[in-house]
Amino acid sequence: MGPVMNTVYNNYLTTYTPKPLTRFDSHKKSELRNIYNSIVKLNKDAPWYLPTTSRDTQQYAVDLKENARGLHNTIAQLGGLEKEGLFRQKSAYSSDETIATATYIGPEDSAAEVPGFELQVHSLAASQENLGLFLPNNSRVSLDADTYSFDIGINDMNYEFQFSVGEAENNREVQERLLRLVNNSDIGIRASLAESEGRTSLRLTSEATGLAPGKEQIFTVSDDRTSKTAGTVEYFGLDYTSREPANASFSINGEESAAPSNHFTLDKMYEVHLRGISDGDRPVSIGLKTDVESLTDNVYHLVGGYNEFIKAASSYLETQSKSRQLIREMSGIASVYSNSLETMGLNLEEDGTLAVDKDMLRQTAAQAEDINVTFGSLKSFSNMLLRKSSQVSLNPMDYVEKVMVAYKNPGHNYINPYVTSAYTGMMFDGYF
């Protein structure tokens with residue numbers, strides 16, 4: 001992905017509904033080819049519509065696609081892309097989730113016993129923070145009107161930032177300009193303003209944590225060799241490091257270790273997120289849950305993904321008339337399996353969401369001799385949701401109120417690139 005496209009996509013994610021990326025968001029060439037062929041077929045058979053120009057409608061369409069992608073990934077993470085994989089995902093536990101959380105990432109068909117770990121967290125990985133001087137908000141900036149620049153070095157790259165200072169500008173106006181300049185650059189540093197008693201400071205914080213071998217800082221700020229007028233680094237105090245970056249320090253089964261991030265893997269079996277520092281010498285136990293607990297966790301994740309999708313669509317009921325159609329279709333899928341789902345403790349509510357009877361679900365899972373039989377209807381329900389989420393993700397414009405211009409001439413259809421492009425263009429519209 002080129003730098004311009006990368007910037008556009010980052011804008012797309014932060015403007016609408018950012019969803020966490022998973023391994024299911026990367027695709028083989030064959031998968032992308034299938035998506036392309038589906039789009040070609042869709043465009044060939046679709047009528048002509050007027051372009052959608054409403055910003056609210058555009059946001060709704062993008063939001064719909066992102067939530068469909070989220071539901072698809074939830075089912076995929078539970079093994080739903082494989083014929084016999086659904087609900088066989090093992091779950092990890094942590095004895096104290098305020099200190100660390102864990103996810104099992106090992107093979108599902110592993111015959112060997114998966115070991116547990118004892119973890120003690122001594123310190124968390126920290127990002128670097130540079131905190132500038134606190135300057136009076138409304139005082140005129142004490143710099144001559146000119147074009148200035150400074151350099152930020154990060155990841156063995158050097159970036160120059162140029163900006164102008166006018167005659168009558170105050171400190172805050174220039175600080176806010178620098179904030180936008182740094183944040184829009186997308187180089188791995190986030191800028192923000194710290195305020196105190198009518199004074200503001202420009203704070204620069206690295207997105208990364210920890211230190212690479214041989215490094216003392218994640219980023220540096222200077223204007224010693226910059227191309228334009230120097231002086232802004234000293235004036236705003238941008239080179240003062242208020243928090244040094246640090247690696248996470250912890251021990252596993254008594255053996256000391258360190259990592260540049262609070263997120264790491266253990267023996268390719270567990271994905272661990274450090275959340276806090278251990279209390280004294282009491283370790284956190286990490287291991288696998290029982291099969292019953294893992295199964296109920298999988299069902300909870302499925303229901304949570306389904307409910308999140310329904311709630312997201314419901315939030316547009318008052319502004320987007322066709323969102324009701326989508327909710328009706330999703331509820332219709334659930335109602336087909338409602339009787340079977342109720343025997344497992346899953347009840348369809350009036351708003352289209354599913355409520356879980358925890359005790360009944362756990363009892364059903366504990367008594368299940370064959371998952372494929374006991375939870376067969378739930379697997380069928382999941383497969384229907386998977387197909388529906390793929391359909392919505394492929395063309396969310398199906399659920400947007402549009403003005404049709406004309407049907408195509410039957411038997412003489414040709415590929416029309418504009419139907420799906422109407423959605424794709426929302427990523428770029430007004431950006432360039």
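The questions and answers below walk through a predicted model of one protein chain.

Q: How many helices and strands does the protein chain have?
A: The model is a predicted one, and its chain has 432 residues, of which 43% count as buried. Counted along this chain, the secondary structure comes to twelve helices and 20 strands.

Q: Among contacts between residues at least 6 apart in sequence, what percentage join residues at least 24 apart?
A: One example of a pair separated along the chain is N130 and R243, which are 113 residues apart in sequence while their C-alpha atoms are separated by 6.8 Å. Taking the contacts in the protein chain between residues at least 6 apart, the share that joins residues at least 24 apart is 72%.

Q: Which element gives the most residues to the largest nonpolar core?
A: The largest nonpolar core has 40 residues, and those with the most contacts inside it are F375, L378 and F381. Two or more residues come from each of α3 (55-77), α6 (291-314), α7 (323-336), α9 (358-367) and α11 (376-394). The element that gives the most, with eight residues, is α6.

Q: Which residues does F381 contact, leaving aside its neighbours within four places in sequence?
A: F381 is one of the residues with the most contacts inside the largest nonpolar core, and in α11 it is also among the residues met by α6. With the neighbours within four places set aside, the contacts of F381 are Y306, I333, A334, Y337, L341 and L354.

Q: At roughly what angle do the axes of α6 and α11 cross?
A: Two packed helices are described by the angle between their axes and by the distance between those axes. In α6, the residues V299, L302, Y306 and F309 meet L378, F381, S382, L385 and V392 in α11. The crossing of α6 and α11 is left-handed, and their axes come within 12 Å and cross at roughly 35°.

Q: Why do the buried residues of α7 line one face of the helix?
A: The buried residues of α7 are S323, L326, I327, M330, S331, I333 and A334. An α-helix has 3.6 residues a turn, so residues three or four places apart point the same way. Seen down the axis of α7, the buried residues line one face because they fall within an arc of 150°.

Q: Which exposed residues does α7 carry on the face turned away from its buried side?
A: The buried residues of α7 are covered by elements that include α3, α6, α8 (338-342), β18 (346-348) and α11. The face of α7 turned away from that buried side carries the exposed residues R328 and V336.

Q: What distance separates the end C-alpha atoms of α3?
A: With its 23 residues, α3 should span 33 Å at 1.5 Å a residue. After α3 comes G79, whose phi is positive, near 90°.

Q: Is N130 buried or exposed?
A: N130 is found in strand β5 (residues 127-131). Not counting residues up to four places away in sequence, N130 touches L202, R203, L204, F219, V221, L238, D239, Y240, T241 and S242. Because its relative accessibility is 2%, and the cut-off for this class is under 20%, N130 counts as buried.

Q: What is the relative accessible area of V141?
A: V141 lies in the loop between β6 (135-136) and β7 (146-154). Residues up to four places away aside, V141 touches V165, E169, N170, N171, V174, Y235 and F236. V141 is buried, and its relative accessible area is 0%.

Q: Is E197 buried or exposed?
A: E197 has its place in the loop between β9 (189-196) and β10 (199-209), and its phi is near 50°, a positive value in a residue other than glycine. Since its relative accessibility is 81%, E197 counts as exposed.

Q: Where is D267 placed?
A: D267 is not a glycine, although its phi is positive, at about 50°. At 59% relative accessibility, D267 counts as exposed. Its place is in the loop between β15 (263-266) and β16 (270-274).

Methods: Residues are numbered from 1 along each chain as its sequence is written. This is a predicted model: local features need pLDDT of at least 70, side-chain atom pairs count only at pLDDT 80 or more; totals for chains, interfaces and linings use all residues. Side-chain values use heavy atoms; hydrogens and water are left out. A nonpolar core is a set of buried Ala, Val, Leu, Ile, Met, Phe, Trp, Tyr and Cys residues joined through side-chain atoms within 4.5 Å. Buried means under 20% relative accessible area, exposed over 50%, partly exposed in between (1.4 Å probe, protein chains only). Helices (H or I, at least four residues) and strands (E, at least two) are DSSP runs, numbered from the N terminus. Contact means heavy atoms within 4.5 Å. The arc is that of the directions from the helix axis to the C-beta atoms. Axes are lines fitted to C-alpha atoms, for helices over the stretch in contact, and angles run from 0 to 180 degrees between N-to-C directions. A crossing is left-handed if the near helix is turned anticlockwise from the far one by less than a right angle, and right-handed if clockwise. The expected span of a helix is 1.5 Å times one less than its number of residues.
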